[in-house]
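This report describes the arrangement of a two-chain model, from the relation between the copies down to individual residues. Please keep the sequence and the coordinates at hand while reading.

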There are 2 protein chains.
Amino acid sequence: MKIVVDAMGGDHAPAVAVEGAVQAARILDAEIVLVGQQEKVHGELDKHDTAGLALTVQHASQVIEMDEHPAAAVKEKKDCSMVVGMEMLKRQEADAFFTAGNSGGALAAALFRLGRIRGIKRPALSTIFPSQTPQGYCFLLDIGANADCKPEYLEQFALMGSIYAERVLGVPNPRVAIVSNGEEEGKGNQLVQETVPLLKAGRFNFVGNAEGKDIPWGLADVIVTDGFTGNVVIKLAEGVSGLLLDILKQEITSSNLSKVGALLAKPAFDQVKKRLDYREYGGAPLLGVDGVVIVGHGRSDSLAIRNGIRMAAQAVENGVLDAIKQGLTEVER
Amino acid sequence: MKIVVDAMGGDHAPAVAVEGAVQAARILDAEIVLVGQQEKVHGELDKHDTAGLALTVQHASQVIEMDEHPAAAVKEKKDCSMVVGMEMLKRQEADAFFTAGNSGGALAAALFRLGRIRGIKRPALSTIFPSQTPQGYCFLLDIGANADCKPEYLEQFALMGSIYAERVLGVPNPRVAIVSNGEEEGKGNQLVQETVPLLKAGRFNFVGNAEGKDIPWGLADVIVTDGFTGNVVIKLAEGVSGLLLDILKQEITSSNLSKVGALLAKPAFDQVKKRLDYREYGGAPLLGVDGVVIVGHGRSDSLAIRNGIRMAAQAVENGVLDAIKQGLTEVER
């Protein structure tokens, strides 16, 4: 197995991406190809002991700058790491691609170079979202690739999400729900009302509507929604939890027993932050493009990068792409 | 001024509604009419010292039961407190109506008996949402009356919300934003993209798109969205904050220094709960119906009821209804 890693993706690239790739090479039975500006990548690799590791470098001369629009830039810069990595997948020189770069850029590069899986109407961006499920999170999609959706798109998101949750996240018979403004059947906007009959007829474990509060409280393992709502959901959750932790910290440290309180509460805050943190999970797939592409958070540290690369390996090992293709064939009417 | 209070609305009716009305009668220069089953209401009133207070009772024989669908029930039960109260407004026997009953039921009763303000295409449900604005919250609408919206609806929500925020909440020149999946102009689903030009041309202080994270972080004082998204927003925020406080409490009390930690942290948790609590604000209006109607939270205690009734009085005093009618005339094209 060969996994391509975007050495130039993420807030702390290339240092952190290279460090994560080295860690991944130590634990995985796979060759890892770091794609990026070779002098910089080699400069980082030299800081680590890579003796005996299956690590190679693929040069990509261009870099997407901070002030560029990522999705537009990947079309302009044909020799940037994301495009070069996707092309390796396309030419079947590698089995999966991991990047901690911008997800919109990754989506554009994937559509541009890999294209969609035959029969898939729209690809989706996804994320791991903290939730009181047995596994501690749910799998949420679409979170921003498609602001306006049709029922058939959401139906395919449900199918792809269910397959991914089962095969890569290891959730048996994952429960699938759709975001709505009410739990009762019949609630929803027009899109939801038209989608529900398709989900009920789908070859997955559809459990009904999920209200906003049900998402963190573990009602379902896979939660589908349009990219507009999904984007609002993840950003609102980030905003609300950030604000709440901020206020609590202020309150605790402003009390008379401030230092003692803060000290006692710190492990609890750290634990909560960990549960809200992407690093534990590594990344989430672009589903619907014709290749295994995992996108990590821009703030990823080396542990998150390592976990993301391992997730890419699991997706390959467990045949996610073929399973989706197979699933599509079965539902063709 | 005469304010009608639904004695039968809320989780702890009639006891808490009556208690709140008594408190309101003590501080307001207004007559308060408690509407509901008169023997029960009088039974509760007898528990308080009401000497010298302008408090009367209007009988309404029917009650909406827990297992009924509130919006359907108000159409069936023409002598329930919500319908009787709305009819008093309609006949101009009172100036405002407050209920802590079901908001969907209140909306149905208002549409059924009061109707819409002439020119208003759709009424909206609204809420006070905790946010880092100078006043500590923003005003969010629609939160569920209209799952599918047209740009003209959102334009009217912005106008009504801006007038309400200025006249009743006391926010000078309130900043108005629209929920979107990106801050940059041009981001949004089709509805948002078509609405933004209308908002830019509106007679209010439109400041642009608000991402999910911007809602709690104080970007705007009035935030408009369709009722589907708004409903997901308020329920997700409730779910995320509830889960977070739960996890934190577990973590703090499970630590070695559990009892001390829990004791020290308690005031902080109480403070945060207070900031997230509806009780401080009292209620939110149904905007677009032809009368002043304020809906409080079902969990309201007597303080919340009192504050909600005071809010209704402020809305009357500050001429919200006429201001909206005037605003509509000005934007007619």
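## Relation between the copies

Chain B is superposed on chain A by a rotation of 180 degrees with 0.0 Å of shift along its axis, at an RMSD of 0.0 Å, where the superposition is by least squares on the C-alpha atoms of residues with pLDDT of at least 70 in both copies. The two copies are thus related as by a two-fold rotation axis.

This is a predicted model, in which local features need pLDDT of at least 70 and side-chain atom pairs count only at pLDDT 80 or more, while totals for chains, interfaces and linings use all residues. Residues are numbered from 1 along each chain as its sequence is written, and chains are lettered from A and ligands numbered from 1 in the order in which they are written.

## The interface between chains A and B

In the interface, 47 residues of chain B are in contact with 47 residues of chain A, two residues being in contact if their C-beta atoms, placed from the backbone, lie within 7 Å. Helix 8 (227-254) and helix 9 (258-276) of chain B each supply at least two residues to the side of chain B that touches chain A, and helix 8 of chain B gives the most, with 20 residues. Helices (H or I, at least four residues) and strands (E, at least two) are DSSP runs, numbered from the N terminus.

By class, the side of chain B that touches chain A divides into 24 nonpolar, 15 polar and eight charged residues; here Ala, Val, Leu, Ile, Met, Phe, Trp, Tyr, Cys and Pro count as nonpolar, Asp, Glu, Lys and Arg as charged, and the others, Gly among them, as polar. Because 100% of the interface residues of chain B are also interface residues in chain A, the copies meet through the same surface.

## Overall form of chain A

Chain A has 11 helices and 11 strands, and its C-alpha atoms fill a box of roughly 70 × 60 × 35 Å, taken along the principal axes. The radius of gyration of chain A is 20 Å, which agrees with the value near 20 Å for a compact globule of 333 residues; this radius is taken over C-alpha atoms, and the globule rule is 2.2 Å times the number of residues to the power 0.38.

Of the 333 residues in chain A, 58% are buried, where a residue is buried if 20 or more other C-beta atoms lie within 10 Å of its own, exposed if 12 or fewer, and partly exposed in between, with C-beta atoms placed from the backbone. Among the contacts in chain A with a separation of 6 or more, 71% are accounted for by residues 24 or more positions apart.

## Domains of chain A

Chain A is divided into domain 1 (1-120 + 288-333) and domain 2 (121-281), with bounds that come from an automatic or database domain assignment. Taken over C-alpha atoms, the centres of domain 1 and domain 2 of chain A are separated by 24 Å. The contact between them takes 23 residues from domain 1 of chain A and 17 residues from domain 2 of chain A.

On the side of domain 1 of chain A that touches domain 2 of chain A, the elements giving two or more residues are helix 5 (103-113), helix 10 (302-317) and helix 11 (320-331) of chain A. That side of domain 1 of chain A has 12 nonpolar, eight polar and three charged residues.

## Backbone details

Two cis peptide bonds can be located in chain B. The bond from B:Ala13 to B:Pro14 is cis, with omega near -5 degrees, and B:Pro14 lies in the loop between strand 1 (2-6) and helix 1 (15-27) of chain B. The bond from B:Leu141 to B:Asp142 is also cis, with omega near 0 degrees, and B:Asp142 lies in the loop between strand 6 (137-141) and helix 6 (151-167) of chain B.

In chain A, A:Gln92 is a residue other than glycine with a positive phi, near 60 degrees; A:Gln92 is found in the loop between helix 4 (81-90) and strand 4 (96-99) of chain A, and counts as exposed with 9 C-beta neighbours inside 10 Å. A:Asn173, likewise not a glycine, has a positive phi near 45 degrees; A:Asn173 sits in the loop between helix 6 (151-167) and strand 7 (175-179) of chain A, and is exposed, with 11 other C-beta atoms within 10 Å.

## A buried strand residue

A:Val224 belongs to strand 9 (residues 222-224) of chain A and counts as buried, with 33 C-beta neighbours inside 10 Å. Leaving aside neighbours within four places in sequence, A:Val224 is in contact with residues including A:Leu141, A:Phe157 and A:Ile178.
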